[in-house]
Every structure is written in structure tokens, then in C-alpha cells.
Amino acid sequence: MRFTQLFTKTSKTKPSGEESVNAILLEQAGFVYKNSAGIYTHLPLGWRVMQNIAQIIREEMNAIDGQELFMPALHDKHYLQATGRWDVDVVFKVSSGIGKEPDFNISWTHEEIFTEIASRFIKSYRDLPFAGYQIQTKFRNEPRAKSGLLRGREFMMKDLYSFHTSEEELFAYYDKAKEAYLRVFDRCGLKAYYTLAAGGDFTASNTHEFQVVAPVGEDTIMLCRGCEYAENIEVSKLTAGDLCVKCGAAVVSEKSIEVGNIFPLGTKYSKAFDLSFTDTEGNKQLVVMGSYGIGLGRVMATVVEVSSDERGIIWPESIAPFKIHVISLPGGEAEAQKFYDQKKAEGITVLFDDREGVSAGEKFADADLIGVPKQYIFSKRSLEKGGVEVKSRKSGDSSIVEL
RNA sequence: CGGGGUGUAGUAUACCGGUAGUACGUUCGCUUUGGGAGCGAGUAGACUGGGUUCGAUUCCCAGCACCCCGACCA
């Protein structure tokens with residue numbers, strides 16, 4: 001991508017009013033555009049990051065036998081009415097006709113929809129276990145959208161649902177999902193703690209969240225630095241300084257961001273939609289379910305929260321919008337162009353600052369703000385030193401590499 | 001939904017009861033290139049509705065929007 005053709009521009013000034021780091025930097029650098037509070041356009045740069053996150057999630061979900069599909073965003077009221085959730089406050093409702101009472105809702109979650117679909121195809125123990133997932137937009141009528149992309153009214157979410165013959169089978173899968181989730185966050189450059197939590201509207205039993213420590217987080221967890229055991233304070237009986245129930249070390253209290261969660265659903269939804277199977281004995285049994293979510297925009301925003309400096313964002317290579325950022329300065333234009341063409345041909349994503357008449361300082365400032373992990377600087381000076389100056393966004397270290 | 005704050009060119013801001021100034025952006029010209037360059041010219045603005053007033057962008061009220069705290073929640 002040539003900088004001169006990139007749709008968006010960076011801004012020299014920070015957006016007015018915003019306090020959260022992700023809101024400031026993602027907007028200032030041109031990754032997102034805020035249409036309304038908690039409602040964002042993902043601009044080309046931001047969408048590239050989202051696609052990279054989605055790709056990591058797909059690989060890990062596929063690795064635990066998740067089959068990707070895509071469900072609707074408009075749901076007839078019979079779905080939520082079947083489980084008594086039609087009147088949950090955050091549900092956005094719409095009417096299918098002028099002057100009619102609302103009779104549809106816009107997707108806030110897909111347990112009901114998916115359970116009904118599954119009931120059409122799952123008939124026997126031979127059809128189980130099964131797991132399906134999608135990456136789709138969720139809508140929540142948040143009374144208070146806040147903190148940039150961290151709490152939105154509309155956001156991209158990966159939701160996976162698993163179907164099992166028994167609780168034992170469910171929890172075995174639950175463990176696999178947990179490991180897959182930890183790999184997703186690790187690959188995205190996040191240190192996420194597997195945290196015991198409450199169930200909310202989804203399930204009566206305890207659930208688990210994946211929490212990333214950050215001051216802007218809305219949650220508070222009691223965290224053991226020793227064995228990494230964590231509990232959300234909404235269910236924890238621990239306070240800071242108490243001893244970890246797993247390893248005996250002292251626990252600390254940390255603000256944190258919930259980047260994902262997993263819920264054992266049991267038979268709540270299969271009962272509501274008559275999702276059952278015939279077991280090996282010929283008996284009819286309810287399918288046991290689990291549900292597993294990751295907010296993609298929240299992952300992106302969380303990475304910005306935990307990885308930036310006074311100059312801008314510092315992306316991990318795995319989800320950066322481009323692998324390298326080529327900066328062309330006077331005297332280095334021809335070599336920069338050649339290098340760009342070559343890397344592109346190799347299939348490496350490159351942001352090429354080909355602007356003419358723009359000062360070196362402005363190019364450096366933009367590169368630092370956008371936060372691509374490696375900067376390749378071509379100039380008269382670098383060529384005299386023998387090649388291209390390769391600089392790490394994170395450490396600031398640079399060295400001359402021969403061409 | 002309760003509390004607090006803010007609303008001025010595209011963006012960020014200043015001043016002001018007498019119709020608004022700066023910077024960045026953007027357009028044109030020239031000069032520039034290792035940390036957000038210079039000169040000149042152009043462009044563009046008071047959230048909405050009421051009220052007070054001779055006169056309101058400024059003061060008051062309401063609405064709306066946004067930010068922050070709380071409640072709620074991926």
C-alpha cells in the first residue's frame with residue numbers, strides 16, 4: 001500500500017474529549033472513525049488489523065474442530081421469547097412493519113438461533129460432538145458505551161457454540177476451548193488470565209473469562225502472580241493480600257479488560273428448542289451445550305491499551321496492519337521503490353511512504369503513530385552507510401542492512 | 001438510568017454581551033527533506049430550540065450529542 005493512496009490521514013492533534021488510549025490513538029492514526037459513541041467504522045488500517053485477528057481466531061477455532069458458518073442478525077421474537085430473554089434491557093428491537101410492535105431483535109447473541117438450527121441436524125449420538133462458530137456483528141443497547149472500542153453498542157464478535165452428549169464431554173471440550181483461547185490471545189500479543197466469573201444472562205453456573213490487566217479495564221480480578229490463578233471480584237471471596245487458593249502465594253487486585261469468555265450452558269437452550277439426540281441405548285436425551293466468545297474490536301483496542309508509547313501504537317507483528325513500513329527519503333527513492341516492489345512480490349505486506357515534499361520528520365512521526373513493527377528507511381545517508389536503515393518501532397534500535 | 005463536565009472552520013483550540021482570532025489541514029505558487037519545514041495567496045466556523053437583552057457565539061432554560069464517574073454489561 002502506497003501512503004499517497006491510503007484513504008485515511010493521520011492527525012497531528014488528538015481527538016477532543018477522549019481519554020482512553022485506544023480511542024485516542026486508533027482515531028488519530030486513522031484506524032477507526034467514530035460514527036457515534038460505541039459505534040465505529042473500521043477504516044482500511046483498522047480493518048486490516050481486524051482481519052489479522054480474525055485469521056488467528058479462525059485457525060485456532062478450526063484446530064478445535066469448529067466449523068465456520070454465518071447466521072442472521074435479524075431474529076424473530078420467538079427465539080428470545082423461548083428462553084425468556086426478549087425483555088433483556090440491552091436487546092435492540094425493531095419492527096418488521098410500519099406501526100407494528102417490535103417483532104424482531106438485532107443480534108445480541110446467537111444461542112437461540114443456533115440451537116434451533118442444530119435441532120434440525122443433530123439427531124443421534126453419532127452427530128455429536130459438534131462445534132460451530134461465526135464472526136459476526138453483535139448489537140447491544142449499552143446504557144453507557146465507553147472507552148473507545150472497549151465497550152460498544154455494535155461490535156464484531158466470534159461466537160462458537162458446542163454441542164455434546166454429556167456434561168463430561170462438554171467439560172473436556174471446554175478445556176480444549178480454554179487452551180485455544182489462550183493461544184489466540186498469546187498470538188495477538190496479549191497476556192490473558194483465565195478467570196473464574198459469574199454467568200450473567202447466559203447461564204446459572206460459573207463461567208470463565210479471559211482478562212488482560214490494564215488500568216482502563218472495567219473489571220477487577222484477584223490475581224495470583226505465582227500460578228496465575230484469577231477470580232473476578234464479582235464471585236471472588238479473596239481480597240488483596242489473601243493467599244491464593246491454588247498455590248498459597250499472596251494475590252493482588254488488578255483492573256482488567258475481559259477479552260473473551262466461555263460458558264457451560266448445560267441444557268438450558270436445548271430444552272427450550274427441543275434439541276435432543278438418541279443415545280446408544282435408543283433413549284432420547286437433551287444435548288449439552290457450551291458457548292464461547294471473543295470480541296475482536298475489544299482485542300484490537302486492548303492491544304493498543306497495553307502496547308503504545310508517547311509516539312503512538314506499537315503493534316505486535318502478528319496483527320499489525322502491515323509487516324513493514326518503508327520510508328522513502330531524498331536520495332533513497334529509487335531503492336525504496338525497488339525494495340517495495342520486491343517485498344510485495346514476496347507476499348509481504350508493506351506500507352510504503354512514497355510521499356514527495358513531505359519532511360523526514362513528518363514521515364517518522366506518522367510511522368511511529370501508525371505503529372508498524374519494522375521501519376525500513378531509505379535515504380542518501382542510509383545508502384552511503386551501505387544500505388537501508390532498519391528500525392524497530394518497539395525498541396527504537398536501528399541498524400544498516402545491506403541491500 | 002442517576003451524577004459531573006464539554007459543545008466555536010475538516011481537526012485542535014483562543015477571546016468576547018456589539019457577528020470571531022490562531023495553528024494544523026486543504027487549494028495554488030515558489031523554496032525545502034534525518035524527527036511533525038519556510039514564504040506568499042486562497043478556503044472554511046459559534047449543536048438545536050426557546051428566554052433575558054436595543055443587541056446573544058457569549059448569560060439563563062430545555063433538548064440533542066460527546067467524554068468521565070456510578071448502576072448495568074462481551
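**Figure 1. Secondary structure and overall dimensions of chain A.** In this predicted model, chain A contains 10 helices and 23 strands. Its C-alpha atoms fill a box of roughly 80 × 60 × 45 Å along the principal axes. Chain A has 403 residues, and 42% of them are buried. Of the contacts between residues at least 6 apart in sequence, 68% join residues at least 24 apart.

**Figure 2. The crossing of helix 1 and helix 7.** Helix 1 spans residues 21-28 and helix 7 spans residues 296-306; their axes come within 8 Å and cross at roughly 100°. Helix 1 is therefore roughly perpendicular to helix 7, since angles of 65 to 115 degrees fall in that class. On the side of helix 1, the contact is made by V21, N22, L25 and L26. On the side of helix 7, the residues are A301, V304 and E305. Sorted by class, the contact has five nonpolar residues, one polar residue and one charged residue.

**Figure 3. The hairpin of strand 1 and strand 2.** Strand 1 (residues 32-36) and strand 2 (residues 39-42) are antiparallel and pair over four bridges. Within this pairing, Y33 lies opposite T41 of strand 2. Two residues lie between the strands of the hairpin, and G38 takes a positive phi near 75°.

Figure 4. Strand 19 and strand 21 run parallel and are joined by five bridges. In this pair of strands, S328 stands opposite F378 of strand 21. Strand 21 (residues 374-378) and strand 22 (residues 387-392), by contrast, run antiparallel and are joined by four bridges. Here Q375 has K391 of strand 22 as its bridge partner. Strand 21 is largely enclosed by the rest of the structure, because four of its five residues are buried.

**Figure 5. The surface near RNA strand B.** RNA strand B is surrounded by 52 residues, of which A37, G295, A360, G361 and S379 are the closest. Several elements each supply at least two residues of this surface: strand 13 (251-266), strand 16 (288-295), helix 7, helix 9 and helix 10 (380-384). Helix 9 provides the largest share, with eight residues. By class, the surface has 14 nonpolar, 19 polar and 19 charged residues.

Figure 6. E112 belongs to helix 4, which covers residues 111-121. Is E112 buried or exposed? E112 has 22 C-beta neighbours inside 10 Å and therefore counts as buried, the cut-off being 20 or more. Leaving aside residues up to four places away in sequence, E112 touches Y79, L80, A82, T83 and Y269. E112 and H78 are 34 residues apart along the chain, and their C-alpha atoms are separated by 9.3 Å.

Figure 7. C227 is found in the loop between strand 11 (219-224) and strand 12 (230-232). C227 is classed as partly exposed because 13 other C-beta atoms lie within 10 Å, and this class falls between the limits of 12 or fewer for exposed and 20 or more for buried. Which residues does C227 touch, not counting residues up to four places away in sequence? The contacts of C227 are with C244, K246 and C247. C227 and C247 are 20 residues apart in sequence, and their C-alpha atoms are 6.5 Å apart in space.

Technical notes: Residues numbered from 1 in each chain as written. Chains lettered and ligands numbered in written order. Predicted model: local features only at pLDDT ≥ 70, side-chain atom pairs only at ≥ 80, totals over all residues. Axes fitted to C-alpha atoms, helices over the stretch in contact; angles between N-to-C directions. Parallel < 35°, antiparallel > 145°, perpendicular 65-115°, else oblique. Contact = placed C-beta atoms within 7 Å. Nonpolar A, V, L, I, M, F, W, Y, C, P; charged D, E, K, R; others polar. Pairing = 2+ DSSP bridges. Near = placed C-beta within 6 Å.
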